[in-house]
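The sequence and the model are shown first.

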Amino acid sequence: MRIGIDVGGTFTDVVASVPRRGVVFVKTSSTPDDPSRGVANGLKLLAAELDMSFEALLGELEMLVHGTTVATNILVERKGAKVGLITTKGFGDLLVMREGTKAKRYSLRDPFPAPLVPKSLRKEITERLRADGSIETAPDPTEIDQVIAELREAGVEAVAVCLLHAHRNPVHERLVAERIAASGWPVYTSLASDILAKEGEYDRLSTTVVNAYVGPGLSRYLERLSNNLKASGAKAPILVMQSSGGVLPIAEAGQRAVGAVTSGPAGGARAAALFAQSMQLDNVVSYDTGGTSSDVCIVENHVPIEQPTKVLADAKIAVSAIEINPIALGGGSIAALDAAGILTVGPQSAGASPGPVAFQRGGTKTTLADANLVLGCISPATFLGGRLEMAPELARAALARDIADPLGIGVEEAAYAIQQLAVSKITEGIRLATVRRGADPREFALMSFGGAGGLHADQVARELEIPRAIVPRQASVLSALGFLATEVRHDFSQSVGVSVEELSPADLRAIFEKLIQEGRTALLEDGFEDARQAMRLTVECRYRRQIESIDVGLVEADLAGDGPARVQEKFSETYRGLFHHVHDEPAFIDTCRVSALGQIPLLTLPAIAPAAEKVATPVGSRPAYLGEWTECPTYWFDDLGAGATFEGPGLVDSASTTVLVLPGSRASVDANGSLEIVPGVR
């Protein structure tokens with residue numbers, strides 16, 4: 001048995017790949033005060049679903065993959081460790097200077113973000129490496145020891161070490177780490193040469209500091225979770241989801257904590273890629289609407305698009321990650337009127353606590369979930385399997401007070417306006433994510449998941465003129481499912497800093513051979529023999545006068561002949577695909593990267609039984625407000641067999657989600673149980 005667990009802001013999702021049962025999933029409320037309690041609750045709920053004890057479940061567990069928002073929350077809420085920084089003399093203020101800009105660069109009154117390390121804890125040492133990595137000034141061990149003693153005396157919980165040009169030669173950073181170890185101080189230590197060995201002094205500094213800032217908190221959480229599960233009888237390894245879409249063993253994940261900062265949405269992207277491959281779809285744009293946000297991702301040729309940098313909570317993180325385009329909209333997003341009386345939805349969210357008004361947990365502000373309940377789109381009897389008693393009358397009262405009465409409209413009209421505004425925000429988010437890459441959303445299939453996604457999929461597809469919308473049967477827990485469709489991943493890189501004309505085929509081959517060997521060694525240490533290893537080669541390229549580089553994928557066969565010429569050819573193809581033109585000059589190679597992948601047993605999507613009748617039979621009906629009150633046939637998702645079809649309007653309910661099929665649309669069920677919607681004319 002393999003289990004994936006995704007801890008979100010509102011719900012904790014648990015998915016299990018169970019021998020003889022296929023994919024089984026449950027959903028429970030998150031526990032923000034201690035996420036490990038939500039994990040334990042989810043596992044116990046899964047055990048009950050499988051009709052077995054909690055201890056028996058853990059005994060049969062072969063692997064647990066965990067995605068968590070702990071690192072994200074630490075950074076966003078600024079509740080991280082007390083960090084000390086050791087850097088090269090003269091560079092202590094780089095963390096404040098950033099890249100000379102801020103999020104609102106033209107707002108003179110808007111202050112620059114406060115650095116994660118205050119001035120008093122930024123220590124400088126006399127040392128210098130030249131740009132090629134050669135030593136100009138060696139550090140004095142006595143000075144290093146003095147700086148370490150000062151940070152220790154200040155009560156620092158983590159030390160970030162970032163020395164100039166250490167990505168070319170880590171010898172000085174290694175010396176600092178050795179002196180810390182020799183001092184007997186068991187402090188969390190983060191070296192820039194380990195975290196990000198590539199050009200870009202601020203990128204390396206910021207990423208290393210973020211790693212030190214979130215690392216202790218994430219490590220403590222993972223250790224507590226591991227100890228609790230072991231105490232209950234678990235012996236299986238725990239793997240932690242990374243922003244790159246890969247996973248790492250729990251010990252290494254704590255040391256490379258920056259890689260887990262956006263790990264939850266990455267699981268959804270991997271699941272979208274899994275379904276795209278299963279359904280033979282080349283291009284898919286997915287959106288995951290949960291309780292607090294929606295995450296948009298692009299999948300091309302069954303692989304999620306990655307990005308080299310990300311900014312979160314004003315901190316730049318320059319590790320490779322799946323490109324997630326967040327939208328501040330979820331089922332718990334609060335609807336309100338602004339100072340001008342204009343309706344808004346989000347970015348504030350009611351979250352898991354107190355949650356929407358209808359949840360009866362103390363929430364007082366109208367949310368998107370409340371609006372959908374009032375519209376009749378959500379069934380109180382089936383929401384969360386009936387384990388959560390909803391109160392539609394409370395939702396109506398809140399809607400009337402907050403929106404309808406001030407605007408002088410009916411409660412249903414107000415709820416419908418909230419729903420339409422939510423659709424508009426998702427639509428614009430998807431349009432931005434695709435068009436800015438030079439892609440036409442009409443050439444993609446739309447995949448919707450998350451507990452709140454299916455209610456808007458049909459209309460989003462109509463607005464974008466996308467010909468096909470897909471809602472997997474496991475939609476509400478698809479991120480957790482994606483955790484089981486990944487692999488162990490270690491990333492290695494080496495700065496190059498020359499054009500393709502200055503690099504010989506032998507030199508390029510030698511760089512990659514070194515990185516590949518490092519990858520094989522790391523995977524062997526994790527227990528992956530050669531047959532279960534795969535290497536993904538990437539070159540970060542740009543034109544010489546540009547700042548940002550783009551990723552160019554290679555295969556090992558490209559290195560056998562004229563590797564630099566092959567890089568130039570592929571760079572031109574990639575650049576033209578993004579920007580629709582190329583320059584008449586050689587590519588400049590910033591960095592060579594290798595992602596070493598340890599293959600976990602493949603997750604296969606279970607086939608469902610064929611439908612007894614081609615036209616699906618409703619299990620009932622209920623009125624829904626779709627601009628006007630409409631009687632909608634209702635279907636139970638789990639009862640729809642492969643090949644079943646029906647015409648809209650219709651509502652497809654399950655224990656964890658609902659899908660709305662609008663009038664004029666046609667829905668059918670594929671072999672894996674996913675609902676495919678062909679939208680009607682807008």
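**Terms and basis**

Two strands pair if DSSP finds at least two bridges between them. Helices (H or I, at least four residues) and strands (E, at least two) are DSSP runs, numbered from the N terminus.

The model is predicted: local features need pLDDT of at least 70, side-chain atom pairs count only at pLDDT 80 or more, and totals for chains, interfaces and linings use all residues. Residues are numbered from 1 along each chain as its sequence is written, and side-chain values use heavy atoms, with hydrogens and water left out.

**The open sheet**

An open sheet is formed by four strands, in the order S29-S30-S32-S33, with mixed pairing. Strands S29 (620-625) and S33 (658-661) stand at its edges; each has a single partner strand, so one side of each is left without a neighbour in the sheet.

S29 and strand S30 (residues 629-636) run antiparallel and are joined by six bridges. Ser-621 stands opposite Pro-633 in S30.

**Thr-427 in helix H13**

Helix H13 (residues 411-435) contains Thr-427. This residue counts as buried because its relative accessibility is 3%; buried means under 20% relative accessible area, exposed over 50%, and partly exposed in between (1.4 Å probe, protein chains only).

Leaving aside residues up to four places away in sequence, Thr-427 touches Val-460, Glu-463 and Leu-464, where contact means heavy atoms within 4.5 Å. From C-alpha to C-alpha, Thr-427 and Ala-457 are 9.8 Å apart in space and 30 residues apart in sequence.
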